[in-house]
Amino acid sequence: MFQTQIITLPILPFGMVNAHLIRSEAGCILIDTGIPGSELKIGKVLAQYGLTFRDIKLIVVTHAHTDHAGSAVRLRELSGAPILAHQDDAAFYSRKEPMTYCTTSWVGKLFLKTPVPHEQYEGFLPDIMMNNGNAFNLLDFGVEGTVRHTGGHTPGSIAVELSSQDMMVGDLIASGILIGGVILKGRAIRPPFEDDPATVSRELIRMVEKGGQRFHMGHGGPLDARQVLRHAKALAKLGGNPCASVKCGHQHD
């Protein structure tokens, strides 16, 4: 059995934007790449652990928002690692289609009016393209875990489920105040954007029932299973319509 270590890579202060590194004796898997230009911050954290970009063997991008996919191309160049992502976000990754956003609260509406969600990143084609219903085994990269398609946040959202009971869920859930936040980091909230709360609820409940204990996310966290389950049950009450009780916005390229 491979021993793994989860390393949080702070892209913005106060947990507002996180990437993560799964480290094992066989190498590292990078989960998300931050906003454009994040390679410098990621490189500094790697160096603190005696690692270099070349220790990254795989880059998993959980979805196509700029704070997760923004530095993917540059990190692929520096590491030589392939990018894994889902085909349902492929048109967003390649920049062929504008990203869409369904805001979940006044925070999301304000956030959408700032330049941050709309920051352009270099388009790319994932080297490993997941399809609906297919899971990707990470054992060849030295990690006991699986990448699964969840949808819910964006059409092509994916999550990494590790045998260590750690779940790397991107933006399926968030915590704290004001997107990651200074306080209440242990309390689950909806992220600023979310396509389908019913799908998110179903997937989070599935991961808890599968044995997930620690949930690592792009904004705030990590969260324990109790908080995730409480949040998932609350989401289920919103119903099954995409963008329930929210308004969709578009990124204009």
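Student: How far apart are the end C-alpha atoms of helix H7, and what span should its 12 residues give?

Tutor: This is a predicted model. At 1.5 Å a residue, the 12 residues of H7, 225-236, should span 16 Å. The end C-alpha atoms are 16 Å apart, so the two agree.

Student: Which residues of H7 are buried?

Tutor: Ala225, Gln227, Val228, His231, Ala232 and Leu235 are buried. They cover an arc of only 160 degrees around the axis, which puts them on the same side of H7.

Student: And which exposed residues sit on the face turned away from that buried side?

Tutor: Arg226 and Lys233.

Student: New topic, the open sheet. What is the strand order?

Tutor: S1-S2-S3-S4-S5-S7, which makes 6 strands with mixed pairing. Strands S1 (5-12) and S7 (128-130) stand at the edges. Each has a single partner strand, so one side of each lacks a neighbour in the sheet. On average, neighbouring strands are turned by 20 degrees against each other, direction ignored.

Student: Do S5 and S7 pair in the parallel or antiparallel sense, and over how many bridges?

Tutor: Parallel, over 3 bridges. S5 covers residues 83-86. His86 stands opposite Met130 in S7.

Student: Which helix packs on the sheet by touching S1, S2 and S4?

Tutor: Helix H1, residues 39-48. Its direction makes about 145 degrees with that of S1. Helix H3 (72-79) lies across S3, S4 and S5. H3 runs at about 165 degrees to S4.

Student: Is Asp32 buried or exposed?

Tutor: Buried, with a relative accessible area of 3%.

Student: What about Gln165, what is its phi?

Tutor: Gln165 has a positive phi too, about 75 degrees, and is not a glycine. The residue sits in the loop between S10 (158-162) and S11 (166-168).

Student: How does Gln165 count by relative accessibility?

Tutor: Partly exposed, at 35%.

Notes: Residues numbered from 1 in each chain as written. Predicted model: local features only at pLDDT ≥ 70, side-chain atom pairs only at ≥ 80, totals over all residues. Heavy atoms only, no water. Helix = DSSP H or I, 4+ residues; strand = E, 2+ residues; numbered from the N terminus. Expected span 1.5 Å × (residues − 1). Buried < 20%, exposed > 50% of the residue type's maximum accessible area, 1.4 Å probe, protein only. Arc of directions from axis to C-beta. Pairing = 2+ DSSP bridges. Axes fitted to C-alpha atoms, helices over the stretch in contact; angles between N-to-C directions. Contact = heavy atoms within 4.5 Å.
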